[in-house]
Each structure stands twice: as C-alpha cells, then as structure tokens.
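Subject: Structure for you to look at

Hello,

Here is the structure I said I would pass on. My notes follow below it.

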Amino acid sequence: MMTERIHKKGIASDGSQIGTYSPAYMKVRTGNYGNSTRYKRGAKAGRTKDAGVYSRGKNKGTPRPQYKRSADPKIVVSLTRGLENDWHTFPVKNGWGIGFHFPDNFQKLKWVEARKKKIIGLPTSEEREILLKRIRIQVQQILNS
C-alpha cells in the first residue's frame, strides 16, 4: 500500500500531494532532451527513441540513461525504482517496522521529506489499520492451528 501511495500516486503520509517536478528534472525522467533521437515513421513517429548523448562534462559523447518514466509531473519519489523495490519489514525492539535494506535509500527518502517539508515514509492511519487487521488475522490463524 505504501509503495502504491508514495511511488505511484505521489501522496504524503498526511494525504496531500508530495509536490511536482521541475521542467528541467522532467527532461531527466522522460529522456526528452534536445538531442534525443526520435522515431521518424510508424506508430511511434515523433516519440523519443533514446535520451541522446551527454553534450558536456566528463561523460561527453556517451549515451544518457533512458529511465522511461511517465511525463506526469507529480513527485512519486522514484527514478531508478531503487526506493520502491527496497521496502521491507524488519524485526525491531518492540515488534516490526517498515524500512529499507540499504541505508542510502533511507537517506534519499529523508532528503525528499526535508526538501518538500512533508512526512512521506510513515504509514497513514488507513495503512496502520489494515496492517493491524492483517496481524489479528495472522495471530488468530496461529492460535487456531
């Protein structure tokens, strides 16, 4: 549920939209640069074929990565899918928690939260309620077996 809320719908823990990406960042997400190769004919005519090449810096002349993300500008805290694929439950001192295997992903989420001044990584009240229902069902199944 949290993956759906954060990485697909772009909604913070309080139910509000996280924000919108800048036009410059949208070029990175979609690969829609001035030197992107485009399809010239067929069903894909006019669409970008690749993200072109870097035009300056240490990578000049090498191909840019094509992330193939949507052109929707709402912030979904995902470019390479690293965060959304790293969500896991962990045993903690007094029970279980939700978090990341890789500490860098936690830092990325905290950076977005600080930058957008929103709490994103905490479960919503609805998510907590569903989690508690699932736990009750699991406990009941264990007790009945």
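Which strand do the buried residues of helix 3 pack against? They pack against strand 2, residues 95-100. Before going further, please keep in mind that this is a predicted model.

Helix 3

Helix 3 covers residues 103-116. The residues of helix 3 that are buried are N105, L109, V112 and E113. Looking down the axis of helix 3, the buried residues lie within an arc of 100°, so they line one face of the helix. On the face turned away from the buried side are the exposed residues P103, D104, W111, A114 and R115.

The length of helix 3 can be checked too. With 14 residues at 1.5 Å a residue, helix 3 should span 20 Å, and the C-alpha atoms at its ends are 20 Å apart, which agrees.

Just after helix 3 comes K117, with a positive phi of about 55°. K117 sits in the loop between helix 3 and helix 4. K117 has a relative accessible area of 75%, so it counts as exposed.

The two strands

Strand 2 also pairs with strand 1, residues 87-92. The two run antiparallel and are joined by six bridges. Together strand 1 and strand 2 make a hairpin, with two residues between them. Two of the pairings can be named: V92 stands opposite G95 in strand 2, and T89 has I98 in strand 2 as its bridge partner.

In the loop between helix 2 and strand 1 you will find R81. R81 is a residue other than glycine with a positive phi, near 70°. Most residues other than glycine have a negative phi, which is the reason for listing R81 and K117 here. R81 counts as partly exposed, at 35% relative accessibility.

The nonpolar core

The largest nonpolar core has 15 residues. Within this core, I6, I18, V77 and I120 touch the most other members. Helix 1 (2-8) and helix 3 are the elements that give two or more residues to the core. As a general point, nonpolar side chains tend to be buried together in soluble globular proteins.

What does I120 touch, not counting residues up to four places away in sequence? The list is R5, I6, A12, S13, I18, V77, L109, V112 and E113. Of these, L109, V112 and E113 are among the buried residues of helix 3 described above.

Helix 2 and the tyrosines

Helix 2 runs over residues 23-30, and M26, R29 and T30 are buried in it. Seen down the axis of helix 2, these buried residues fall within an arc of 80°, so they too line one face of their helix. G31 follows helix 2 and has a positive phi, near 75°.

A search of the whole structure gave two aromatic pairs. One of them is formed by Y21 and Y25, whose ring centres are 4.8 Å apart. The angle between the planes is 40°, and the pair is tilted. Is each tyrosine buried or partly exposed? Y21 is buried, with a relative accessible area of 13%, while Y25 is partly exposed at 27%. The cut-off matters here: buried means under 20% relative accessible area, so Y21 falls on one side of it and Y25 on the other.

E127

E127 belongs to helix 4, residues 125-144. Is E127 buried or exposed? E127 is buried, with a relative accessible area of 8%. Leaving aside neighbours within four places in sequence, E127 is in contact with M1, M2, R5 and L122. R5 is also in the list of residues that I120 touches. E127 and N85 are 42 residues apart along the chain, and 18 Å separates their C-alpha atoms.

That is what I have on this model for now.

Regards

Terms used
Residues numbered from 1 in each chain as written. Heavy atoms only, no water. Core = buried A, V, L, I, M, F, W, Y, C linked by side-chain atoms within 4.5 Å. Buried < 20%, exposed > 50% of the residue type's maximum accessible area, 1.4 Å probe, protein only. Helix = DSSP H or I, 4+ residues; strand = E, 2+ residues; numbered from the N terminus. Contact = heavy atoms within 4.5 Å. Expected span 1.5 Å × (residues − 1). Arc of directions from axis to C-beta. Pairing = 2+ DSSP bridges. Phe/Tyr/Trp six-rings, centres within 6.5 Å; stacked < 30°, edge-to-face > 60°.
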